[in-house]
Amino acid sequence: MCFVLPDELLRASNLTEREMLVELVCRLFDIDKVTKQDACRVLGVDRVELDTYLISRGLKTVQYTQEMIDEDLAAAARRVRMGVPNADAREHHE
């Protein structure tokens, strides 16, 4: 699929076609509409370069899903039930 933007939009934004593509892909990644792998493929960059684009725009570099959050919370709850301190607590007591 090809996506065409009006020339007026490019002129008004003072962006090149490449810069506009980078902006769009970074924003789509930020709102969880594309994966990091897809963003890299579309832009033709590796993960490090994509992260550089994201960081320079103040955007997240990791997609942390609700499922991942739930798994981390469940693991933390298990550790609490088992009486296992977290890593930060161990560091402060040593």
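Reply: **A close look at one helix**

Exposed means over 50% relative accessible area, buried means under 20%, and partly exposed covers what is in between, using a 1.4 Å probe and protein chains only. The model is a predicted one, in which local features need a pLDDT of at least 70 and side-chain atom pairs count only at pLDDT 80 or more, while totals for chains, interfaces and linings use all residues. Residues are numbered from 1 along each chain as its sequence is written, and side-chain values use heavy atoms, with hydrogens and water left out.

Now turn to the inside. Helix α4 covers residues 47–56, and its buried residues are L50, Y53 and L54. Looking down the axis of α4, you would find these buried residues within an arc of 95 degrees, so they line one face of the helix. The arc is taken from the directions that run from the helix axis to the C-beta atoms. There is a handy rule here: an α-helix has 3.6 residues a turn, so residues three or four places apart point the same way. Helices are DSSP runs of H or I with at least four residues, strands are runs of E with at least two, and both are numbered from the N terminus. The chain has six helices and zero strands.

What covers that buried face? Cover for the buried residues of α4 includes α2 (17–30) and α3 (36–43).

Setting aside neighbours within four places in sequence, L50 is in contact (heavy atoms within 4.5 Å) with K36, A39, C40, L43 and V45. Take A39: eleven residues separate A39 from L50 in sequence, and the C-alpha to C-alpha distance is 7.7 Å.

K36 sits in helix α3 and is buried, with a relative accessible area of 11%. The side chains of K36 and D51 are joined by a polar contact of 2.6 Å. A polar contact is a pair of N or O atoms within 3.5 Å; within protein, one atom must be able to donate a hydrogen and the other to accept it, and residues adjacent in sequence count only if both atoms are side-chain atoms. Not counting residues up to four places away in sequence, K36 touches F29, R47, L50, D51, T61 and Q63.

D46 caps the N-terminal end, where one of its side-chain oxygens lies 3.2 Å from the backbone nitrogen of V48. Just after α4, G58 takes a positive phi of about 70 degrees.

Finally, how confident is the predictor? The score is pLDDT, the predictor's confidence in each residue, from 0 to 100. The chain averages a pLDDT of 88, with 89% of the residues scoring at least 70.
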